[in-house]
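Subject: Structure handover

Hello,

Here is the structure I promised to pass on. Please open it and keep it in view while you read.

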Amino acid sequence: SGMIKLLVVLLLLGIVGSLFSGLFYLYRDRGTGERTVRALTLRIGLSITLFLLLLAGFRFGLIPGYTQ
């Protein structure tokens with residue numbers, strides 16, 4: 001469970017870092033560079049990976065579900 005939490009935090013930090021690097025490159029290149037597209041594509045890939053990790057963790061019981 002601790003390993004999953006660490007991986008989720010690292011992926012979230014990577015997503016936020018990629019988002020800000022995309023913003024930086026957008027400002028720096030005035031929207032004409034390819035670096036912005038690469039940074040945002042990386043962010044989408046990391047987001048999909050995080051979603052699949054959470055889905056698999058819940059499915060296999062590594063992440064407990066909410067019960068009332």
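This is a predicted model: local features need pLDDT of at least 70, side-chain atom pairs count only at pLDDT 80 or more; totals for chains, interfaces and linings use all residues.

Start with α1, which runs over residues 2-29. It has 28 residues. From its first C-alpha to its last it reaches 40 Å, close to the 40 Å expected at 1.5 Å a residue. After α1 comes Arg 30, with a positive phi near 60 degrees.

Now find α2, residues 35-59. Its 25 residues should span 36 Å at 1.5 Å a residue, and its end C-alpha atoms are 36 Å apart, so the two values agree. Gly 61 follows α2, and its phi is positive too, near 85 degrees.

**What is buried**

Which residues of α1 are buried? They are Ile 4, Val 8, Leu 11, Ile 15, Ser 18, Gly 22 and Asp 29. Look at the spacing of those numbers. An α-helix has 3.6 residues a turn, so residues three or four places apart point the same way. What do the buried residues of α1 pack against? They pack against α2.

In α2, the buried residues are Thr 36, Ala 39, Leu 50, Leu 53 and Gly 57. What covers them includes α1.

**The nonpolar core**

The largest nonpolar core has 6 residues: Ile 4, Val 8, Leu 11, Ile 15, Leu 50 and Leu 53. Both α1 and α2 give two or more residues to this core. The largest share, 4 residues, comes from α1. In soluble globular proteins, nonpolar side chains tend to be buried together.

Leaving aside neighbours within four places in sequence, Leu 53 is in contact with Ile 4, Leu 7, Val 8 and Leu 11.

Next, look at Ser 18, in α1. Is Ser 18 buried or exposed? Its relative accessibility is 4%, so it counts as buried. Not counting residues up to four places away in sequence, Ser 18 touches Ala 39, Leu 40, Leu 42 and Arg 43.

Thr 36 sits in α2. Its relative accessibility is 9%, so Thr 36 also counts as buried. With neighbours within four places in sequence left aside, Thr 36 is in contact with Gly 22, Tyr 25 and Leu 26. Check Leu 26 in particular. Its backbone nitrogen lies 3.2 Å from a polar atom of the Thr 36 side chain.

**Salt bridges**

How many salt bridges are there? The count comes to 2. Side chains of opposite charge can pair when their charged atoms come close.

Asp 29 counts as buried because its relative accessibility is 17%, under the 20% cut-off. Arg 35 has 36% relative accessibility, so it counts as partly exposed.

The other salt bridge is between the side chains of Arg 38 and Glu 34, at 3.5 Å from N to O. Here Arg 38 and Glu 34 are both exposed.

**Where to look again**

Two views are worth a second look.

Best wishes

Notes
Residues are numbered from 1 along each chain as its sequence is written. Side-chain values use heavy atoms; hydrogens and water are left out. Buried means under 20% relative accessible area, exposed over 50%, partly exposed in between (1.4 Å probe, protein chains only). Contact means heavy atoms within 4.5 Å. A salt bridge is a side-chain nitrogen of Lys or Arg within 4 Å of a carboxyl oxygen of Asp or Glu. The expected span of a helix is 1.5 Å times one less than its number of residues. A nonpolar core is a set of buried Ala, Val, Leu, Ile, Met, Phe, Trp, Tyr and Cys residues joined through side-chain atoms within 4.5 Å. A polar contact is a pair of N or O atoms within 3.5 Å; within protein, one must be able to donate a hydrogen and the other to accept it, and residues adjacent in sequence count only if both atoms are side-chain atoms.
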